[in-house]
Amino acid sequence: MRVRGNDYRALRPPSGDWAPTLRVSVIIPAYGGQDKLDLVLEALRRQTYPAALTEVIVVDNGSSPPLEVPSWVKPVHCPQPGRATARNAGLAVASGDVIHWLDSDVLLLPGALEAHMRWHHAAPYLSVTSMIRFTSAPVPAELPDDLEAAFEPAEPHGWIVDLLERTDGLVGGTQRPFSLHVGGATSVNAALVAAAGPMDEELILGQDTEMGYRLAQAGAVFVPATDARAYHLGPTMRMRDKAPIDRVSHAFVADRIPTYRWLRSHPTRQWKVPYVAAVVPAGSYEETRATVDALLAGTIADVSVMLVGPWDSLEQERRAPLRDPRLDLVLLRGHYAHDGRVRLVEEAAHDPAVPYVLRLPAGWVPGADTVARLLDLAGDEGYGLVNVLLSEDPQVSARLEQASAFARAAIVARPGEPLDDAVDEVSGVGWADGESYGFGREPRQTPGRRSAYRARLEAQREAAKHAAEIAKLTAEIARLRGQVDKWRTEASSWRRASVELRREVGALRRQLGTLRRRSWRKVASSIKQVVKNRLP
């Protein structure tokens, strides 16, 4: 079964009675906390997944006194501090088809491991995460028979709950499903881990997210296993200190996770992992330079260029350089050898952590916004590949490839199936007209880096100006709304006063009518009396 994007709902994990075949290695890094570790191991011993297919590895990360584990647990000693280091030490001896990261203070409910493994039997490219709840109950001396009765009430992992609610369970509305990869209780196919590489031991915090990103680049689908539940003994560090944790982790992961665009606001900085790697085969000096310089001067500054050519064949000294048949290569090497954003390579082997690869023939010059517009097209439509037709000859084209889509396609492609066809199924393939997206043949169409930088600064100033105007108008609207509310209140008061006045006028009219009738009666009586007196 092929999953499109991160829509794991297409998969059908085995249900009911089944015969599992995959082995799982549960890796637990631990530093001290023998009492909690004993409970964690006891909870693992109660799992419904077959013990014969389960390998449990405890990595003692320099505890004093050393941790004690039962005979069915594989112990590993890792004196070098750091959770990433400890996990990598456990990973080095793991033999399972699936790697299950587990913290030394997380208790799995009896069916949790089986719930993970049912998913892994459905597809070989999954990362599955348990639903963890945080309990404040005292740590018991022995593991209770009923974990829910013993540890409830407990708090859910609020950040994960919010993520799943915002993204319809990770099947839509996010380009970063790898955020689900948390080390407390997450399992990953071992082949994916091998493709992504071990945890980054240079990171102080954020190792789980950074590895989740590399797993996504390797083709992973991320699954929230709602039927795999666990209890964390006490609050997590992130729940206690979110702001300082973000401050530390963001300083490091910005260099390694290009999709965190908001952390890369500087217009000209270079990063360890660029957002786009452009591949340009070396051609003539003038044409190649026009293409490379245009890429470096575009509004997407987070771009590196791989200039492909037979650089190793060039000799250092030549007696007749002007008659050298490889003079163009010599000139290109001399022009770009010391540019930090350009690499001279023999083959276009790029870093799999780079999200996008743009393949472009020399001589075709992108406009200032061309790469940005292609990225928007790929992101908005969910394309794993955008083919750009540059001329009437269909062989002359550029390609924007999403590395994660191609990695997934490579996993699921059938023998002999073109990789582009598999990409079309797991992500989608789009087409674009080069002229419409700003490609040309003349270098003059491309602004220099200074003008592009000035354009970005001007755009930022305009954006700030518009934001200030919007804020001013918003405040004015709020003021006018207040005036309208005030006028409505006054109008209501006036209406009530008008009603009261009308009532008073009506009462006065009635009184006046009464008085008039009484006065006329008296006058009539007097007239009658006068007439009566004067009659004989």
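1. Contact here means heavy atoms within 4.5 Å, and this is the sense in which packing is described in the points below for what is a predicted model.

2. Helix α1 covers residues 34–45, and at 1.5 Å a residue its 12 residues should span 16 Å; the C-alpha atoms at its ends are 16 Å apart, which agrees with that expectation. Its buried residues are Leu37, Leu39, Val40, Leu41, Ala43 and Leu44.

3. Helix α7, residues 207–217, has 10 of its 11 residues buried, so α7 is largely enclosed by the rest of the structure. The buried residues are Gln207, Asp208, Glu210, Met211, Gly212, Tyr213, Arg214, Leu215, Ala216 and Gln217. The cover over them includes the helices α2 (83–93), α6 (190–196) and α13 (403–412), together with the strands β4, β8 (185–189) and β9. After α7 comes Gly219, a residue with a positive phi, near 110°.

4. Is Ala230 buried or exposed? With a relative accessible area of 1%, Ala230 falls under the 20% cut-off and is therefore buried. Once its neighbours within four places in sequence are left aside, Ala230 is in contact with Val106, Leu107, Leu108, Leu109, Met131, Ile132 and Arg133. Ala185 is 45 residues away from Ala230 in sequence, while the two C-alpha atoms are 7.8 Å apart in space.

5. Turning to a pair of helices, the axes of α10 (residues 285–297) and α11 (residues 327–336) come within 9 Å and cross at roughly 30°. Because angles under 35 degrees count as roughly parallel, α10 and α11 are described as roughly parallel to each other. The crossing in which α10 passes α11 is right-handed.

6. Which residues make the contact between α10 and α11? On the α10 side they are Tyr285, Glu286, Thr288, Arg289, Val292 and Asp293, and on the α11 side they are Asp328, Leu331, Leu332, His335 and Tyr336. Sorted by class, this contact of α10 with α11 has 5 nonpolar, 2 polar and 4 charged residues.

Definitions and conventions
Residues are numbered from 1 along each chain as its sequence is written. This is a predicted model: local features need pLDDT of at least 70, side-chain atom pairs count only at pLDDT 80 or more; totals for chains, interfaces and linings use all residues. Side-chain values use heavy atoms; hydrogens and water are left out. Axes are lines fitted to C-alpha atoms, for helices over the stretch in contact, and angles run from 0 to 180 degrees between N-to-C directions. Helices (H or I, at least four residues) and strands (E, at least two) are DSSP runs, numbered from the N terminus. Angles under 35 degrees count as roughly parallel, over 145 as roughly antiparallel, 65 to 115 as roughly perpendicular and the rest as oblique. A crossing is left-handed if the near helix is turned anticlockwise from the far one by less than a right angle, and right-handed if clockwise. Ala, Val, Leu, Ile, Met, Phe, Trp, Tyr, Cys and Pro count as nonpolar, Asp, Glu, Lys and Arg as charged, and the others, Gly among them, as polar. The expected span of a helix is 1.5 Å times one less than its number of residues. Buried means under 20% relative accessible area, exposed over 50%, partly exposed in between (1.4 Å probe, protein chains only).
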